[in-house]
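Try each task before reading its solution.

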Amino acid sequence: MPVSQRPDPVPQLNWEPKRARRLGEEAVGLWEEFLGRLPDLPIDRGLDQEQVARGVLMDVPEEGLADEDLLEHVRKVVFDYSMYPGHPGFMGYISGAGTIPGVVADFIAAMLNQNVGGWRLGPAANEIETHLISWFARRFGLPEGAGGLIVSGGALANFVGLKAAREAKSGWDVRTEGVSAGDPLVLYASAEAHDVNTRGADMLGLGTQAVRTIPTDENYRMQVDALEAAVRSDIESGMRPIAVVASAGTVATGAVDPLPDIADLCERFGLWLHVDAAYGGPAILSDELAPLLTGIERADSIAFDPHKWLYTPHSGGCVLVRDRQTLLDAFSIHPAYTREDKDRTGHGIDMYELGPQFSRSFWAFKIWMSLLAHGRAAYGKRIAHDVELAKYLADIVNQRPDLELMAPVTLSICCFRYVPQDLGEGGGREEYLDELNERLMTEVQLDGRTYYSNAVLRGRFCLRPCIVNFRTEAEHIEQLVDVTGEIGQRLDAELRDPSQVFS
Ligand SMILES: Cc1ncc(COP(=O)(O)O)c(C=O)c1O
């Protein structure tokens, strides 16, 4: 039988360890410079898409770049064309600053290149993730037998919780027969719940209309009597209620729904309680703040995001379930090519059985290393400090005649707006304030000294800083207020004739 020619080695992609080290050392040098310069960099450079594309894009070369050219490119990406959520003045959206040990962990995780989908493809990684999940589950007060996994972020963590709810509460085998094989399934979330939950219902084939929107009280918390009325009405009209999504830290104001009352209702109607704690969940690490989450220990599933308030680098969210079996029921598959005699190998469960992904990154490592490096107590203290800073901002807002507080501060979000002092109270005022504050947010974001995003509360446009940044201190709060006043005054002068008062 002819044997094909023996292929020669192709070593190009297989760099010598010394060359790997050189590139790594250059990157570490860049990191040190980055950390040193971070407070003095503009948070955002105000560049448009074309400018960024022109600055960073090049054709893929036929021959690889020299290391110096590669590093020159990286340097441009780092210092000239990025924005900096780790900057002490960054308080936009809910975007953690990125822990320092987490950066090293991501490097090591990429170096090891574990596939945490299968136990045998990442032994230590799988054990660390499982242990981390148990630790989080205990902190939240879930019982023995709880489980979960690290996923890409809050959107997927909520989706996994709702998928588990669908399989547990529909009453037939939806995985096999589909959603149309029984009564229409419905679930409930407050008007302030994050839109990813509605999209989750869409992804589950339930349709966005299956999510009943429950009104909130004056503090943006779900009204439980309205929830009960909606559940009763759906049952009467032949729907099958399966779950309630309670928020523990809404994205707009940080409101925490009345979890014990919602848990009681779920118990009475046999509903799955899913808590979207993507933002507020890490408050459980602070002894002082943990009581705000009372009732979360009764949840069937909890979504929370280490990349938000545990400050770990993007991305990494976490979903916990009261009973790990519910994840197996929702996601387990048995591909023929992944057979293993676990009695012989003694290996653990394959995590692809617990969630929607098959191959999985070692995301858990950056969370694990950050917790090991800092310890629970330092985390608890810093998280509580973020809340103190948000309250400090609310105090300043209340003292300034040109600012108006728009919602109570529960966690580390403070909603307010800029109100020119001579504005008057008459018709058109609110519309003008919406326009002014929206422009103000945009100009502040492009200015680069401080950074926040917005909320829309009862139809009104609000400025909304959220502190999930371990570099932010009181001076940055004061700067935020000063920059807001300065740009607000300038914009008001541009937009409004001084004689135009709303009387
Ligand atoms: C309450 C809540 N749920 C879900 C999400 C979505 O999380 P992620 O952006 O990690 O997918 C967010 C994001 O801010 C959130 O605040």
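**Exercise 1.** Find which residues come nearest to the ligand, and sort the shell around the ligand by class.

*Solution.* Next, look at where the shell comes from: helix 6 (residues 154-169) gives the largest share, three residues. Helices here are DSSP runs of H or I with at least four residues, strands are runs of E with at least two, and both are numbered from the N terminus. Finally, sort by class: the shell has six nonpolar, six polar and two charged residues. For this, Ala, Val, Leu, Ile, Met, Phe, Trp, Tyr, Cys and Pro count as nonpolar, Asp, Glu, Lys and Arg as charged, and the others, Gly among them, as polar.

A note before you go on: this is a predicted model, in which local features need pLDDT of at least 70, side-chain atom pairs count only at pLDDT 80 or more, and totals for chains, interfaces and linings use all residues. Residues are numbered from 1 along each chain as its sequence is written.

**Exercise 2.** Describe how helix 14 and helix 16 pack.

*Solution.* First, locate helix 14 at residues 364-399 and helix 16 at residues 474-495. Their axes are 10 Å apart, at an angle of about 35°. Axes are lines fitted to C-alpha atoms, for helices over the stretch in contact, and angles run from 0 to 180 degrees between N-to-C directions. Then find the residues that meet: Leu-389, Tyr-392, Leu-393 and Ile-396 from helix 14, and Ala-474, Ile-477 and Val-481 from helix 16. Contact is counted when two C-beta atoms, placed from the backbone, lie within 7 Å. Classing this contact gives seven nonpolar, no polar and no charged residues.

**Exercise 3.** Is Phe-365 buried or exposed, and which residues does Phe-365 touch?

*Solution.* Phe-365 counts as buried because 29 C-beta neighbours lie inside 10 Å. The cut-offs use other C-beta atoms, placed from the backbone, within 10 Å of a residue's own: 20 or more is buried, 12 or fewer exposed, and in between partly exposed. Leaving out residues up to four places away in sequence, Phe-365 touches Ala-105, Ile-108, Ala-109, Ala-125 and Ile-128.

**Exercise 4.** Check the backbone at Tyr-93, Arg-458 and the bond from His-314 to Ser-315.

*Solution.* Tyr-93 has a positive phi, near 50°, and sits in the loop between strand 1 (90-91) and helix 4 (100-112). Tyr-93 is partly exposed, since it has 15 other C-beta atoms within 10 Å. For Arg-458, phi is also positive, about 45°. Arg-458 counts as exposed, with 11 C-beta neighbours inside 10 Å. Last, the peptide bond from His-314 to Ser-315 is cis, with omega near -5°. Ser-315 belongs to the loop between helix 11 (306-309) and strand 8 (317-321).

**Exercise 5.** How many residues does each side give to the contact of domain 2 with domain 3?

*Solution.* Take the bounds, which come from an automatic or database domain assignment: domain 2 is 114-335 + 345-362 and domain 3 is 373-495. Their C-alpha centres lie 31 Å apart. The contact takes 21 residues from domain 2 and 17 residues from domain 3.

Key:
Near = placed C-beta within 6 Å.
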